[in-house]
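Hello,

Here is the structure we talked about. Please open it and keep it in view while you read my notes below.

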Amino acid sequence: MAIARCACGALRLILSRPPELTALCHCSACQRRADSPLSANAFYSIDCVEISGTSTEFVRAAESGRKVRMHFCSTCGSTVYWKADASPSWIGVAVGSIADPAFTAPAISILEQSNHRWVQFDETVEPFQGLPSNQD
Ligand SMILES: [Zn+2]
Ligand SMILES: [Zn+2]
């Protein structure tokens, strides 16, 4: 079990199983969402996520044109999770909000074309120039 939470603690997720996938993303939307040169994202089946606290939703269009709904704490501003209209049974969680150095390492790194050049990983992370498939 893991707990993800915002900086102030008002918005929390209880994650009862390990993530299905952990991925790094270099796209500009993630850079701005994470206030970081890249984002680290853990994807869970929605049935193992329990959300407590209230969030504000910011909706943006993915490259596919479908909507992604980012949920952030209206007190401290941390984005903790998001849902994509294209994948309603999944929830994305910001790995930073789990703040556990032992958390599952990322398996893939996507949208590498916008990688800051000094950001490098070892061979355990599989790089993709776009997306590995048709998902956001
Ligand atoms: Zn907060
Ligand atoms: Zn991204």
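**Strand pairing and burial**

Strand 7 (residues 67–72) pairs with strand 8 (residues 79–84) in the antiparallel sense, over five bridges. Within this pair, histidine 71 stands opposite tyrosine 81 of strand 8. Bear in mind that the model is predicted.

Next, strand 4 (residues 39–45). Five of its seven residues are buried, so strand 4 is largely enclosed by the rest of the structure. Strand 4 has these two partners in the sheet:

- Strand 3 (residues 21–25) runs antiparallel to strand 4, and five bridges join them. Here cysteine 25 stands opposite serine 39 of strand 4.
- Strand 9 (residues 87–94) also pairs with strand 4 in the antiparallel sense, over five bridges. Phenylalanine 43 has glycine 92 in strand 9 as its bridge partner.

One residue of strand 9 deserves a look: serine 87. Is it buried, exposed or partly exposed? Serine 87 has 15 C-beta neighbours inside 10 Å. A residue needs 20 or more to be buried, and 12 or fewer to be exposed. Serine 87 therefore counts as partly exposed. The C-alpha atoms of serine 87 and arginine 66 are separated by 9.8 Å. Along the chain, these two residues are 21 residues apart.

Best wishes

Technical notes: Residues are numbered from 1 along each chain as its sequence is written. Chains are lettered from A and ligands numbered from 1 in the order in which they are written. This is a predicted model: local features need pLDDT of at least 70, side-chain atom pairs count only at pLDDT 80 or more; totals for chains, interfaces and linings use all residues. Two strands pair if DSSP finds at least two bridges between them. Helices (H or I, at least four residues) and strands (E, at least two) are DSSP runs, numbered from the N terminus.
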